[in-house]
Amino acid sequence: MTIRTLTRRAALAAVAATSALVLAACGGSGGSGGAHAAHGASASPGAPGATASTAHNAQDVAFAQAMIPHHQQALEMARLAADRASSAQVKDLATRIEKAQAPEIRTMTGWLRSWGEKVPMAGMGHSGHSGMSGMMSDADMAALKKAEGKDFDKKFLSMMVEHHQGAVEMAGTEKAKGAYGPAKALAGAIVTTQNAEIKEMKKLLGPSGTSSSGGMNGMNGMNGMG
């Protein structure tokens with residue numbers, strides 16, 4: 001009787017010990033799950049941080065959508081110089097403008113596509129952008145295409161000064177109001193490069209061909225937009 005009782009008590013003790021081990025294991029598993037959950041929670045705020053570094057605003061979109069057709073017109077003007085300009089300096093300047101601005105168009109196009117925004121189409125004429133700072137009208141472009149030799153050189157330089165002044169103005173707005181780092185950096189590069197080219201072109205024009213008073217506005221009655 002006593003042996004049977006002792007055996008029963010031993011069995012009950014073993015069951016109790018086993019239950020305690022099971023409960024401890026479950027508690028440990030729950031703690032591990034909590035740790036994983038906490039780790040996941042701390043990792044998730046990192047994602048918004050990565051997104052913030054590439055955030056853009058409406059000004060960034062407006063800058064790219066305006067600067068693309070602005071650059072496209074500059075390329076159109078620059079490509080005329082090879083067959084029409086008489087000055088080697090004008091031809092060299094036109095080549096540099098093309099080499100600088102063509103890649104910038106591709107860069108800004110990539111931004112707009114990544115943002116799901118509309119990309120301006122090339123070859124749509126200039127009438128739709130006539131109110132944009134520094135843009136030449138269709139009539140302005142037609143006059144440039146008809147010019148040759150020294151007449152072309154003067155028209156090209158006068159028009160491109162105004163065109164560059166418009167681009168610098170647009171880039172300044174992006175630097176002040178944009179949010180997207182690469183766009184603001186490009187705007188800064190445009191300001192630096194095109195201000196230097198404006199000085200170069202004004203020097204080539206000489207004192208009698210300044211854009212603000214005696215450039216295309218004085219020669220052909222064009223409406224300056226720079």
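## Overall architecture

From the N terminus on, the elements of the chain run α-α-α-α-α-α-α-α. The chain holds eight helices and zero strands, where helices (H or I, at least four residues) and strands (E, at least two) are DSSP runs numbered from the N terminus. The model is predicted: local features need pLDDT of at least 70 and side-chain atom pairs count only at pLDDT 80 or more, while totals for chains, interfaces and linings use all residues. Residues are numbered from 1 along each chain as its sequence is written, and side-chain values use heavy atoms, with hydrogens and water left out.

Of the 226 residues in the chain, 36% are buried (buried means under 20% relative accessible area, exposed over 50%, and partly exposed in between, with a 1.4 Å probe and protein chains only). Among contacts (heavy atoms within 4.5 Å) between residues at least 6 apart in sequence, 79% join residues at least 24 apart.

## Packing of H3 and H4

The axes of helix H3 (residues 58-84) and helix H4 (residues 88-115) come within 8 Å and cross at roughly 150 degrees. H3 is therefore roughly antiparallel to H4. Axes are lines fitted to C-alpha atoms, for helices over the stretch in contact, and angles run from 0 to 180 degrees between N-to-C directions; those under 35 degrees count as roughly parallel, over 145 as roughly antiparallel, 65 to 115 as roughly perpendicular and the rest as oblique.

The residues of this contact divide into 17 nonpolar, five polar and five charged (Ala, Val, Leu, Ile, Met, Phe, Trp, Tyr, Cys and Pro count as nonpolar, Asp, Glu, Lys and Arg as charged, and the others, Gly among them, as polar). Ala100, found in helix H4, is partly exposed, with a relative accessible area of 30%. Ala100 and His71 are 29 residues apart in sequence, and their C-alpha atoms are 9.7 Å apart in space.

## Nonpolar core

The largest nonpolar core has 48 residues; such a core is a set of buried Ala, Val, Leu, Ile, Met, Phe, Trp, Tyr and Cys residues joined through side-chain atoms within 4.5 Å. H3, H4, helix H5 (138-146), helix H6 (149-177) and helix H7 (181-205) are the elements that give two or more residues to this core, and H3 gives the most, with 12 residues.

The residues with the most contacts inside the core are Phe63, Met77, Met108, Phe152 and Phe156. Leaving aside neighbours within four places in sequence, the contacts of Met77 include Met136, Met141, Phe152, Phe156 and His163.

## Surroundings of His70

His70 lies in helix H3 and, at 1% relative accessibility, counts as buried. Beyond neighbours within four places in sequence, the residues in contact with His70 include Met132, Gly134, His163, Gly166 and Met170.
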